[in-house]
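Have the structure open while you read.

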Amino acid sequence: MSRVKSPSAFEKLSTEHARKQLETLTKQLATLAQDWKESRRGAVLAMAASAMLSAALAKPQEMQAPLNDTKSAEVRIVSSEFRYATAKVWVTAGRPVTLVLDNSGAETEHGIFLPAFGFRLMAKTGEINRKSVVFDKPGEYEFACDLPGHREAGMKGTLIVSAP
Ligand SMILES: [Cu+2]
């Protein structure tokens, strides 16, 4: 008997993973069915259940894909009044990076302005916007929200571009 690691071994793992998820979901479905009997929100619950089921069935296939070897790194910056949750951002010079401005929890429009690179990314209330960019000069640069008063209120951070 050979003990070669074959794709089928991996498939087995995936199948087992799917089965476990299905078991959990079956239990959840049973609970939902019970709820359905007791409530008038049956349709909503059934929809939620089928959404969970298809999500579970989709998972094992995702597992078979190689781990995401991102070519363009993504940096997420969450903005609120009046700060960035990520006030220090590290990137590598010469490599494409996608800056994601997550303004989904903010009460007003915010932005990221990097005067050194003439880079600007804005997001309205509730929006998540992204922009890909290559920073080619190593160094430390300030970024800030340049809407009136925001930078002064503390909406600023540092972009550190390291040499490759
Ligand atoms: Cu702002």
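1. Core first. The largest nonpolar core holds 16 residues, and I77 and I112 have the most contacts inside it. By nonpolar core I mean a set of buried Ala, Val, Leu, Ile, Met, Phe, Trp, Tyr and Cys residues joined through C-beta atoms within 7 Å. A residue is buried if 20 or more other C-beta atoms lie within 10 Å of its own, exposed if 12 or fewer, and partly exposed in between, with C-beta atoms placed from the backbone. The elements giving two or more residues to this core are β4 (96-102), β5 (110-114) and β9 (156-162).

2. Ground rules. This is a predicted model: local features need pLDDT of at least 70, side-chain atom pairs count only at pLDDT 80 or more, and totals for chains, interfaces and linings use all residues. Residues are numbered from 1 along each chain as its sequence is written. Helices (H or I, at least four residues) and strands (E, at least two) are DSSP runs, numbered from the N terminus.

3. Confidence. pLDDT is the predictor's confidence in each residue, from 0 to 100. The protein chain has a mean pLDDT of 78, with 58% of its residues at 70 or more. Go carefully over residues 59-70, where pLDDT stays under 50 and the model has 10 contacts beyond four places in sequence. Where pLDDT is low, the predicted coordinates should not be read in detail.

4. Overall make-up. There are two helices and nine strands in the protein chain, and along the sequence they come in the pattern α-α-β-β-β-β-β-β-β-β-β. Of the 164 residues in the protein chain, 14% are buried. A contact here means two C-beta atoms, placed from the backbone, within 7 Å. Among contacts in the protein chain with a separation of 6 or more, 62% are between residues 24 or more positions apart.

5. The four-stranded sheet. What is the order of the strands in the open sheet of four? The order is β2-β1-β4-β7, with mixed pairing. β2 (83-84) and β7 (128-134) stand at the edges with a single partner strand each, so one side of each has no neighbour in the sheet. Two strands count as paired if DSSP finds at least two bridges between them.

6. Pairings in that sheet. Strand β1 (residues 73-80) runs antiparallel to β2, joined by two bridges; S80 has R83 of β2 as its bridge partner. β1 and β4 run parallel, with six bridges, and I77 is bridged to L101 in β4.

7. Which residues does I77 contact, once its neighbours within four places in sequence are left aside? They are Y84, T86, V89, L99, V100, L101, D102 and I112.

8. β5 from both sides. Five of the five residues of β5 are buried, so the strand is largely enclosed by the rest of the structure. H110, I112 and L114 are buried on one side, while G111 and F113 are buried on the other.

9. β5 pairs with strand β6 (residues 119-123) in the antiparallel sense over five bridges. H110 stands opposite A123 in β6, and G111 has M122 of β6 as its bridge partner. Four residues lie between the two strands, and G118 takes a positive phi near 60°.

10. Is L114 buried or exposed? L114 counts as buried, with 20 C-beta neighbours inside 10 Å. Not counting residues up to four places away in sequence, L114 touches F119, Y141, F143 and L159. L114 and Y141 are 27 residues apart in sequence, with a C-alpha to C-alpha distance of 7.4 Å. A85, in the loop between β2 and β3 (88-92), is exposed, with 12 other C-beta atoms within 10 Å. A85 and M155 are 70 residues apart along the chain, and their C-alpha atoms are separated by 9.8 Å.
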